[in-house]
Amino acid sequence: MKGALWLAWRQQRTLILVGAVVLVACAAWVAFQRADMTAFISDHRIPHCAGWDADECSGLDIEQAQRLLDDNVGALRALGTLSAALPVLIGVFWGAPLLGRELESGTWKLALTQGVSIRRWFATRFTLAAVCAVVGSTVLAALVAWWWSPISNMLNGLYWHDGYIFNATGPAAIACALFGLAAGTAAGLLLRRTLAAMGAVLAFVVGVRILLNTFRSDWISPIALTSRGSAPRPYIGTGWSTGEFGFIDATGHKDAIADACPWGPGLPDLKTCMAQKGYVGRYQKVYPSSDFWVLQWIETAVFLGLAAALIALICVVLRRRAVL
Amino acid sequence: MTDPIASTALRATRLGRRFRSGWALRDCDFDLPAGRITALVGPNGAGKSTLFHLATGLLRPTTGEISVFGADPVTAEARDRTAFLAQDKPLYPRFTVDETLRFGRELNRDWDQATAERIVRAGNISLDARVGTLSPGQCTRISLALAFGKRPGLLLLDEPLADLDPLVRIEAMGLVMAEVAERGITVVLSSHVLSELENVCDHVLLLKHGGVRLQGDAQQLCDDHLLLTGRADGSRENGLPPGLDGATVVESTVTGRQVTALLRTDGHPVGASADDRWVTEIPSLEDLLLAYLRSAPAGTATTEAAA
């Protein structure tokens with residue numbers, strides 16, 4: 001390695017090597033666990049039964065299927081937690097010291113009075129970190145998806161909209177790692193102290209994640225699953241229920257009153273009640289599992305936009321040398 | 001060599017830098033000649049470190065400009081010719097000495113590995129030692145090895161001797177002077193220890209309150225001043241003898257009945273010299289600098305020595 005890249009490598013090699021060891025260990029562990037899992041599935045001929053109520057689930061040996069989930073969901077959750085936490089870890093341990101430690105110890109004065117320009121010095125070290133963050137988060141996201149796919153959205157297992165899955169895999173997880181790195185780098189630059197920057201980026205990335213998790217379902221509208229008359233409600237399948245249930249009247253208007261026709265001793269049955277109140281059908285609102293990708297791309301765009309804004313901020317501050 | 005740009009190593013024009021706390025430097029104009037060793041003197045907070053940071057492009061000026069051999073400090077041309085030893089002498093503590101020299105080699109186009117290694121070896125420092133385990137004196141040596149390995153035309157040293165013990169100070173200064181003499185490097189050196197500057201510097205730039213108070217050739221400046229000592233003349237307000245009209249009183253101190261004054265004469269004879277009650281002498285550089293450091297900040301005494 002040559003020039004500024006050598007310096008970036010020399011300063012980040014410990015992180016890179018530790019990260020690589022952790023990733024390799026994770027990959028080996030997942031490969032082992034997953035092999036175990038697929039062997040169990042084929043031994044007991046467990047169909048991939050999506051949701052609670054799909055047709056594939058009819059011939060299911062529920063006891064064995066439950067064992068399959070019990071054996072894997074906990075460990076998969078742990079892996080999902082690691083993958084979802086990766087952007088925070090990258091921000092705290094990689095982004096915050098990337099410039100923060102240089103400014104804190106004064107070594108930036110040493111580096112920037114050599115032959116390389118500030119632009120090259122920053123671009124090299126940030127690019128190296130960004131490549132590592134993207135590779136690392138891609139590997140972890142892929143491991144989560146790979147392990148999860150044979151038991152995805154199954155019975156009481158992990159669903160696409162669970163944080164352990166949604167935040168841990170897909171393009172948004174990778175974009176979030178980049179965002180974490182940019183946030184940490186910016187915090188280090190602006191606060192000029194590694195420890196303070198670590199605290200700030202921890203709060204910031206976790207805060208953004210909580211906001212996105214809270215408002216995730218607000219980006220797009222759910223679909224309404226309807227059933228005519230007093231026929232049983234349609235299956236939710238792998239959908240993500242919004243919790244909105246209700247009745248449809250003759251004009252097609254939807255009343256979000258889940259208990260308009262309660263069931264109980266002394267009360268009229270559903271059909272009578274609906275007829276009395278003028279309802280012709282029932283509905284519930286859900287996000288179908290295909291919305292996984294819609295929501296993933298929306299959050300990917302949000303994270304990449306934030307990362308780009310932070311990188312632009314860093315460039316402006318560095319260009320103005322407003323760091324002393 | 002008659003081209004003024006070519007013979008000027010560091011030039012500032014209306015140079016100013018403001019921080020949130022106020023102006024650190026304001027309206028500074030100076031030309032530091034190439035091939036000389038300039039003492040940058042001033043009390044704490046006078047703007048010495050700010051000046052170094054502006055000269056290396058680590059900071060950008062708020063007003064005016066500064067150039068290194070005619071080039072903006074942030075250009076590759078200026079960076080290649082300037083070496084800077086910051087006050088805190090930053091080094092990467094986890095690097096070995098060998099890696100620190102490699103840092104210099106990788107980041108500089110024209111690197112002189114032989115010189116850098118020679119400087120390190122002369123201090124009996126192992127190339128495998130971690131920088132974090134070295135003494136302050138050894139760190140100074142490594143920093144100087146990095147600076148000289150760069151083959152600089154301009155070497156900026158911000159308080160290079162602070163935090164060193166007396167023996168190491170002499171050693172470090174000797175190292176700098178030997179290398180500088182060999183290659184005709186222009187040096188700007190700031191220090192609090194005025195007596196140390198006397199023997200090494202031949203040019204002076206004195207900053208006070210963010211402005212240039214004095215600049216010029218060290219010998220010429222001494223020759224342009226006179227140190228006057230005698231019994232206070234009770235009939236006059238400042239205690240000084242009459243007949244000093246051709247000179248400017250830079251600073252005067254009354255100790256008991258004795259008056260010591262530094263006069264700027266610019267080589268003109270002063271009437272009081274003939275009076276045998278007054279002793280006049282050419283001040284030492286230390287006397288001169290001390291007088292200017294102590295003198296009131298009034299702008300009247302701001303002077304420009306002929307370069």
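Visitor: In which order do the four strands of the open sheet in chain B stand?

Guide: This is a predicted model, in which local features need pLDDT of at least 70, side-chain atom pairs count only at pLDDT 80 or more, and totals for chains, interfaces and linings use all residues. Strands (E, at least two residues) and helices (H or I, at least four residues) are DSSP runs, numbered from the N terminus, and two strands pair if DSSP finds at least two bridges between them. In this open sheet of chain B the pairing is antiparallel, and the order is 11-12-10-13.

Visitor: Which strands of chain B stand at the edges of the sheet?

Guide: An edge strand here has a single partner strand, so one side of it is left without a neighbour in the sheet. In chain B this applies to strand 11 (248-255) and strand 13 (278-281).

Visitor: Which residue is the bridge partner of B:Leu228 in strand 12 of chain B?

Guide: Strand 10 (residues 225-231) and strand 12 (residues 258-264) of chain B pair in the antiparallel sense over seven bridges. Within strand 12 of chain B, the partner of B:Leu228 is B:Ala261.

Visitor: Which helix of chain B packs on the sheet, and what angle does its direction make with that of strand 11?

Guide: Two residues are in contact if their C-beta atoms, placed from the backbone, lie within 7 Å. Helix 9 (residues 285-294) of chain B touches strand 10, strand 11 and strand 12 of chain B. Axes are lines fitted to C-alpha atoms, for helices over the stretch in contact, and angles run from 0 to 180 degrees between N-to-C directions. The helix is helix 9 of chain B, and the angle with strand 11 of chain B is about 90°.

Visitor: Which element gives the largest share of the side of chain A that touches chain B?

Guide: The contact takes 20 residues from chain A and 22 residues from chain B. Helix 1 (3-43) and helix 3 (107-112) of chain A each give two or more residues to the side of chain A. The largest share, five residues, comes from helix 1 of chain A.

Technical notes
Residues numbered from 1 in each chain as written. Chains lettered and ligands numbered in written order.
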